Amino acid sequence: MVRNPVRLFSAALLATSLVAAPAFGADTVKIGFITTLSGPAGIIGKDMRQSVELALEHLGGKMGGIPVEVIFGDDQFKPDVGKQVADEMLKKHKVDFVSGIIWSNVMLAVAPTVTAAGTMMIGTNAGPHQLAGEMCSERFFTTSWQNDSTPEAMGQHLQDLGLNDVYLIAPNYAAGKDMLTGFKRKFKGRIAAEVYTKLGQQDYQAELSQLRAKNPKAVFVFLPGGMGIQFLKQYSQAGLRGQYPLYSVYTVDELSLPAVRHAALGQFETRYWSPDLDNAANKKYVGDYKKKYGKLPSFYGAQSYDGMMLIDSAVRAVKGNLKDQKGMIAAMRKANYASTRGKYSYNVNHFPIQNYYLLKAVAGPGGAGDVPVMQIQKAVFKAHKDSYYTKCKMKW
Amino acid sequence: MNAILFVEQTLNGLQFGVTLFLMAAGLTLVFGIMNMVNLAHGAMYMVGAYLAVAATQWTGSYLAGVLLALVGTLLVGVVTEVVALRTLYERDHLDQVLATFGLILFFNELVAIIWGRAALFSDLPQALSGHIELVTNLRYPVYRLMIIIVGLLVALLLWYVVTRTRLGMLIRAGASNRTMVSALGINIRLLYTIVFGFGAALAGLAGVMAGPIYAVQPGMGELILIQVFVVIVIGGIGSIRGALAGAIIVGMVDTMGRAFLKPALGALISPTAAEAAGPALASMLIYLLMAVVLALRPEGLFPARGH
Amino acid sequence: MTEPLLDIQGLVKAFGALRATDGVALDVLPGETHAIIGPNGAGKTTLIAQLAGDLRPDAGRIRFAGEDITPLGAAARSHKGLARSFQITSVYREFSALDNVALAVQAHAGHSFRFWRAAQSEEVLHGPARAILDEVGLGSRAQVLAANLAHGEQRQLEIAMVLATRPRLLLLDEPVAGMGADESQRMVQFLGTLKGRQTIVLVEHDMDAVFTLADRISVLVYGRVIATGTPEEIRTNREVRAAYLGEELED
Amino acid sequence: MRARLVLLIVGIAFLALAPLVATAFDQLFYIDLLRRVMIFAIAALSLNLILGYGGMVSFGHAAYLGIGGYAVAILAHHGIHNGFLQLGVAVGASALVALVIGAISIRTSGIYFIMITLAFTQMLYFLGISLDAYGGDDGLRLAARSDLGGLVDLGNSTAFYYLVFAVMIAFLYLIHRIVNSRFGMVIRASNSNEARTRAIGFSPYPYRLAAFVIAGAMCGVAGYLFVNHTAYLTPDFMHWTRSGEIMFMVILGGIGTSVGPILGAFVLLLLEDLLSGMTGFVGQHWQLFIGLFLVLVVLFAKRGLAGLLPGAQRND
């Protein structure tokens, strides 16, 4: 069961017998996909992995006629492990592309390592502002978003509603602060309070008591993963659900909805994608995912599926000549593939220019007792560009 | 400062405190009596929460689910003690730390294998999902009030068992003088198993009650475990009284810190500086408290005598 | 009359309601072997602990060589010249006999913030240590791990460690406890050779040892000294016989 | 004893030759992997000084990994890349923090000591998270690796490997010297029998504190190397599970044995790498097997893995 002992042996043979690979038309396309597969966050990694596998199935296991091999790596939610796995992908497996990465801090450790080694990196979740701005690279693409864009959309929405006295809650760490900054970039109304909670905090009753004392008009939160599940349950139990409308980003998704259920009903999120987005690629992806795995995919999965499709478009454009990196970059810049979000284009920093929608958690097809589903209400941004691309010096 | 808000935050602190106490009681006894560092105590909390969800679904009754979960956690605790931990009592703390950390990984993965990595849905029974108006303008969730009451009842029950029963006499004797208990011809292995099992069941109870408000997911035990260690160390290891005092203090300090530290700091230093320092300091507060307590009283507030 | 080397006044130590030491007064003259005896629970262990600096008395004063040492801890008292053996054998089990004694020498050879040179190669430590091991009769066992020594040998080793600190007063807490008759006799013989050269406070249950070695004896009962005198005086003291020896005889 | 020496020499020779073999077979990844393992081995070695020899069970040793890392990353962030200066600051800051933590912690003992060292590291961890200027939780990217003035180019994977290797061997020797010196004898004696140590005239406190500071400073060096290895720093360096990992390497290898910590680091990290890279059930649930492995080691290899080596029955 050990990871490819045969390959190690054959690689050694190759190296010693100096059999050079043919100048073009590689025999396999190797992709190293790094995500978090162990620990509580492994649930996200699993969704991404399943989506990658589904993408390969849809591609018939081939990109541009060449068999594809994806090697999965577990970063354990630690930047240094992520970097080690990336090194392993590059130097041991000698992959042609590195893809995946959930967390901004892991991405900031991994992406420069990969691009500096001359390999292409296709991010499928984390979009830290550094990579969108001064650290942008021609070898780095992402199929997701820049972190700030989603809260910007929510800020814009509340601005459009003309709300005042909004209460903001986020964990006390870099992403939490970025989210609130992004929100405030578009929301110009009065802010009732800005509260930072402990990272990984479980109980929010103290914050909810403070919140009620302030009597705001609306609440905006960023509480990803388990924090969000806990917050939503407690928000609903405290009887605040009907009282103060709750808006969030990265807090409610298809992974957390089964655990939160009715406590999420009526919740608003902004996002660039939703399972009910109406286009052929998305219908095929969501439908087949549901058929294969028995539940709805999340945006993490959609981005990862897109990541594979983006790579496929590039490999096909250079007719399998993986040495032609310039050609592949040029192809990717066109975003010429059937994305689950529909047609989009790339900005100079290789981040998507795309729509952002307002979503609402509504009762599932099985009625009130069923797991709620996210439903698109309207587009808040059309062809939105992120706020950092001007800092990116890349020209094309 | 608003008086109602202050009362409400006090209740919140109390509620967090009693949850910590349920965890701390078992841990401090296992420490005090068997001289055992059990990092896997958090795993029992997680097992309790998972079993409650599973048993509630299976029986369709919340109460039956809770009872089954408690019995189940007790059994898991007893089996763990007999199979793995029993042989570790005579080892030093290091071996215990290593082995019980191994158990954490084991239980977390086991739960992930059985129930998956996704957080489970766990809801309140209808009867407990409302609020009551304690005094004018102070509405408090019924479920949280129930946690406070259950926690205080358990504390009372423990006080009775420890001070008024033969088992309690043995437990107290065991915490202060291990050799004496064995000299009395007591079946010490059985005593240990009983203490460990009930400690696990108490942690399970904490987990059962936490299920509907927190996320039921693998690794949920470790989030609370470190705070429980802080509690028993502040209280003094091996002392139930210390565990209760430590739990209430930590619960209050943490809650009040989160609620009032930033405004309080804002009055002292500039609001922008408070904005930055407040949340950071609130996260560190209980550790700061522990360092101060241990610097002044190296054996905690209520040391069990005779170590 | 000569100035006492050790002078104890009104020493009190209570544990809750129990006054384990209840106003003990005692003096030890230079060069004498002063035995402290008493039934179980008389407070001997508590007294020794206070003399050695492991327990802080609640009241009272301990003067050593004319100096008040009451506030000093165990290590500081060792440097004043007070050395103790423990009731339960207390040696470094994972070190060789020689290293055990060398450590005691080292403790009185300046500070130990020396990080590089191997202590085992330092003749200034091992030379004296070897000499003392020879003196107590363990010379041939120098390289044996303390854990592997026989019980009697471990007790001898402990005495060697005590001597290695070049003490002015030896506090010996039941030095023959748990020994066989032969071992016990050899230990008494050895302690006899120290008589006169060393001032010794001897706490002991073994009455043969006590009456063989002691110049004076103090009898401790319920935390108080009820009598002090020569072995002959103690043997004939009626109060002592009633309170102590009587019980002992009944055993 | 001879068998162990042979094993030690074989091990050192293996590590010395590993980069050459890896380069010959074009498997440069193994250079990075072993380098990371050796950096953790250095951290474990430093912990072993206080934990194994001094009996001080510090559950917060990752603090110095973090401080060493922050020293480099913060200086680099402000444009100071001089590797020697960075090293000085890393060691100095680690020693200073160890002095403060140690001064308070060493007054306690047993489980209290374990918990108070943990508490201090938790404080530093949360402090790191709230340091917005230095990336907070996202951490800091090292703009450039430490510049050692042409002595060693840390950008060169193999050269960096040999630097780490040299530091590890040097620390192994340094600790060997320390534990056998007068100072080391006091530390070990205080661990073995504290009452006896006081009775013969030592106050253990200053010696323990000094050992604590030395161990902190040595771990600061590991932090210095680690941040240069990952070229990235996060407060995660100081997470309590990281302290636990370092501790497990020491216990796993065999506490108070000279090469035990190195052995422990290699076994734990290589096993993690091996299991997590497997496919199927094992790969998906590899932590289950690591967990079982730890429990079994404790139950059946009482003196750690070093206790299983030939010649281990000797009670050193």
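Modeller: Let's start with H7 of chain D, whose buried residues pack against H3 and H4 of chain C, as well as against helix H2 (29-53), helix H6 (157-180), helix H8 (194-199) and helix H9 (204-230) of chain D. This is a predicted model, in which local features need pLDDT of at least 70 and side-chain atom pairs count only at pLDDT 80 or more, while totals for chains, interfaces and linings use all residues. Residues are numbered from 1 along each chain as its sequence is written, chains are lettered from A and ligands numbered from 1 in the order in which they are written, and side-chain values use heavy atoms, leaving out hydrogens and water.

Helices (H or I, at least four residues) and strands (E, at least two) are DSSP runs, numbered from the N terminus. Contact means heavy atoms within 4.5 Å. Buried means under 20% relative accessible area, exposed means over 50%, and partly exposed is in between (1.4 Å probe, protein chains only).

How many residues of helix H7 (residues 182-192) of chain D are buried? Nine of the eleven are, so the helix is mostly covered. Among these buried residues are D:Phe183, D:Met185, D:Val186 and D:Ile187, and also the charged D:Arg182 and D:Arg188. By class, Ala, Val, Leu, Ile, Met, Phe, Trp, Tyr, Cys and Pro count as nonpolar, Asp, Glu, Lys and Arg as charged, and the others, Gly among them, as polar.

The contact takes 38 residues from chain C and 28 residues from chain D. The size of an interface is often given as the accessible area lost when the parts come together. Buried area here is the accessible area (1.4 Å probe) that two parts lose on being put together, summed over both. For chain C and chain D it is about 2800 Å², and carbon and sulfur atoms give 61% of that. On the chain C side, C:Tyr92, C:Phe115 and C:Trp116 lose the most area to chain D, together 24% of what that side buries.

Between chain C and chain D, 21 residue pairs are in polar contact (both at pLDDT 80 or more). Helix H2 (74-80), helix H3 (97-107), helix H4 (123-136) and helix H5 (151-164) of chain C each supply at least two residues of the side that touches chain D. The largest share, five residues, comes from H3(C). Sorted by class, that side of chain C has 20 nonpolar, ten polar and eight charged residues.

Now for the charged pairs. Side chains of opposite charge can pair when their charged atoms come close. A salt bridge is a side-chain nitrogen of Lys or Arg within 4 Å of a carboxyl oxygen of Asp or Glu. Two salt bridges cross the interface of chain C and chain D. In a salt bridge between these chains, D:Arg196 meets C:Glu158 at 2.6 Å, N to O.

D:Glu194 and D:Arg208 form a salt bridge of 3.4 Å, N to O. D:Glu194 is in helix H8 and D:Arg208 in helix H9 of chain D, 14 residues apart. At 30% relative accessibility D:Glu194 counts as partly exposed, whereas D:Arg208, at 13%, counts as buried.

Helix H2 of chain D reaches another partner. D:Arg36 forms a salt bridge with A:Asp80, their closest N and O atoms being 2.9 Å apart. D:Arg36 lies in helix H2 of chain D and A:Asp80 in helix H3 (residues 79-92) of chain A, so the pair joins two chains. A:Asp80 is buried, with a relative accessible area of 2%, and D:Arg36 is buried too, at 5%.

Conventions
Polar contact = N/O pair within 3.5 Å; in protein donor to acceptor, adjacent residues only side chain to side chain.
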